[in-house]
Amino acid sequence: MKSSTIIRFLLPLIILTGCATKVEVNEQTFVFAMYINKGKQPGNVEVTISAPLPNRLMSGQQAGSGSGGDPYAMVSKDSATIQDALHLIQKDLSRRLDFSHTRVLVLGRSYAEDGIEDLMDWFEREPTIDFRCYLMVAPGDAKQIARLTPIFEQMPSEVLIKFAEHHNMVATTARDILYASKANQGYALTYLSAGKKPLVADPAKKDDWAGVQGTALFQGHKLRATLPLKESMAVSWALKELRDALYTVSWDDGKNKGKASLLLINIRSQKKVKMTPDGPVFTVMLKGRADIIYKKDTHLPDSAAINKMIERELNDQVSTQMNRALRTSQRAGADILQLGMVLDWHYPDAWHKLRSRWEDFYRNEAEIQVSTHITIRNLGASFNAKSE
C-alpha cells in the first residue's frame, strides 16, 4: 500500500520532468549557507559558500566523525562584488551553483557596518534564491561561525537554522528585510556569539562554538547598534517572535527577601499609535501569563501578597528592558519595531509628511510608551512553596 502511494505521487513528476531530472540534480551544488565579510582590498567583499557533499552524507554520521571527513565543503573568494566572487567560486567547481536551498546567511560585523545594499540587490536579482533565507550577524569574521562544531546536527548551517526556527530570538528573513527597506523602516537580526568551549565527551578538548548573544539593529541597510540578550528578548516579544521566555526576579522590602523564576507563556504584543496635537504617540504593549517554577523566601509571609510582589517586579523588569531597547534604537535611528508602518496604517497623511525624514523624526521626536500586563497563572501551586 505504501509503495503504490509513493508511485502515484511520483508518477506525475516523472511525466512532467522526464528522465533528465536525476542528471540535473547531479550537476548542481546546493548552497546551504553563505558567509559574507569585507574583502582584503578596500571596497572588496569576501564570499564563502557552504554546500553538502552527498557522497559523505551518511545517516547518523556527525560532522568530523568517521574517516570520511566533514559532510560539507566550504569555498571562499574575494572580489569587487558578490556576483564576481560567486563567479570565481563557480570556476573552481565541477557543478553549477544552486541557491534554492540556501536557508541562512551570516554577515561579518564590519561588512554589516559598511552596509549590505549590494547583498540585498543580489537577493533581488538571483533567480534561484529563497527569500525565506535567515540573515544573522557575526561578532567578527563570519567564517568563524562556519567553523562551529555541529554536535547535534550534521552541518553548521543546520545549527543556525535551528536558532531561528526555535524562536529564541528574532528570525528575520531576506523577504522581511526587503519589505522593511522599501517602507523606509529598520529591522533587527540575530547577533551571534562565537568562541571555544569544552566538549561534553572530552572536557580537556575545546572546539569552536556559536550561540546567540543579542540582536543587531539596522537602518538603511547598515548595522547601527547591538542589544544584549535581555533587551533583545523584549524586542523579540514586541515583534511576535518570542515563543516563551524565562525571567528571574528578586525582592527585598526590608522585611522579606527572596527570588523567583518564572516561565512566560501565552506571550502577546501589540503596537498602537494615537495622534495628538503634538504629534503621534506610540504605545508598545507586552502581555502574557507566567508560571512560577522556582521560589525562595527567607520567611514565610502571606503567599498571595508575595505573588503580587513577584508580578509587579516582573512587569517592572520587562518594561525596563523594553524601554532600554527602544532608547538604544532611537539613538541609532533604527526603527526596528517598524512603528512607521503602524503610523502609515492608521494615519497615512501624517506618514506621507514624515516618511522622507522618518529616521531623524524617530531619533529625536518620536514619543514611545511601553505598557506591560503580565499575570501569574499558578497562584495556587505557589502557596505550597517551601522556604529554603
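**Figure 1. Salt-bridge network of Glu46, Asp141 and Lys143 in the predicted model.** Three residues, Glu46, Asp141 and Lys143, are joined by a network of salt bridges. The structure shown is a predicted model. Across the whole structure, the search returns 15 salt bridges. In general terms, oppositely charged side chains can pair when their charged atoms come close.

**Figure 2. The salt bridge between Glu124 and Lys182.** The closest N and O atoms of Glu124 and Lys182 are 3.7 Å apart. Glu124 belongs to helix α5 (residues 117–125) and Lys182 to helix α8 (residues 174–182), so this pair ties together parts of the chain that are 58 residues apart in sequence. Glu124 is partly exposed, with a relative accessible area of 45%, whereas Lys182 is exposed, at 56%.

Figure 3. In the pair formed by Asp130 and Arg132, the closest N and O atoms are 2.9 Å apart. Asp130 counts as buried because its relative accessibility is 14%, under the 20% cut-off. For Arg224 and Glu359, the closest N and O atoms are 2.9 Å apart.

**Figure 4. Nonpolar cores and the surroundings of Trp237.** The largest nonpolar core holds 52 residues, of which Trp237, Ile310, Leu314, Met322 and Leu337 touch the most other members. Helix α10 (residues 303–332) supplies the largest share of this core, nine residues. Apart from this core lies another, of 35 residues, including Phe123, Ile129, Val137 and Ala216. When neighbours within four places in sequence are left aside, the contacts of Trp237 include Leu242, Tyr247, Leu264, Ile267 and Leu286. In the protein chain as a whole, 46% of the 388 residues count as buried. Of the contacts in the protein chain with a separation of 6 or more, 69% join residues 24 or more positions apart.

Figure 5. Helix α10 has 30 residues and reaches 43 Å from its first C-alpha to its last, close to the 44 Å expected at 1.5 Å a residue. Asn315 is found within this helix and counts as buried, at 12% relative accessibility. Beyond its neighbours within four places in sequence, Asn315 is in contact with Thr372, His373 and Ile374. Gly333 follows α10 and has a positive phi, near 70°. The secondary structure of the protein chain comes to 14 helices and 14 strands.

Figure 6. Most residues other than glycine have a negative phi. His221, although not a glycine, has a positive phi of about 65°. His221 lies in the loop between β9 (206–219) and β10 and is buried, with a relative accessible area of 11%. Lys240 is likewise not a glycine and has a positive phi of about 65°. Lys240 lies in the loop between α9 (229–238) and β11 (245–252). With a relative accessible area of 60%, Lys240 is exposed.

**Figure 7. A nonpolar surface patch around Ile293.** Leu246, Leu263, Ile293 and Tyr294 make a nonpolar surface patch of about 330 Å². Ile293 lies in strand β13 (residues 279–297). Ile293 counts as exposed because its relative accessibility is 52%, over the 50% cut-off. The protein chain exposes about 20200 Å² in total, and carbon and sulfur atoms supply 52% of that area.

Key. Residues numbered from 1 in each chain as written. Predicted model: local features only at pLDDT ≥ 70, side-chain atom pairs only at ≥ 80, totals over all residues. Heavy atoms only, no water. Patch = residues over 30% accessible without salt bridge, like charges linked within 9 Å, V, L, I, M, F, W, Y side chains within 5 Å. Areas by Shrake-Rupley, 256 points an atom, 1.4 Å probe, with all protein chains shown as cover. Salt bridge = Lys/Arg side-chain N within 4 Å of Asp/Glu carboxyl O. Helix = DSSP H or I, 4+ residues; strand = E, 2+ residues; numbered from the N terminus. Buried < 20%, exposed > 50% of the residue type's maximum accessible area, 1.4 Å probe, protein only. Core = buried A, V, L, I, M, F, W, Y, C linked by side-chain atoms within 4.5 Å. Contact = heavy atoms within 4.5 Å. Expected span 1.5 Å × (residues − 1).
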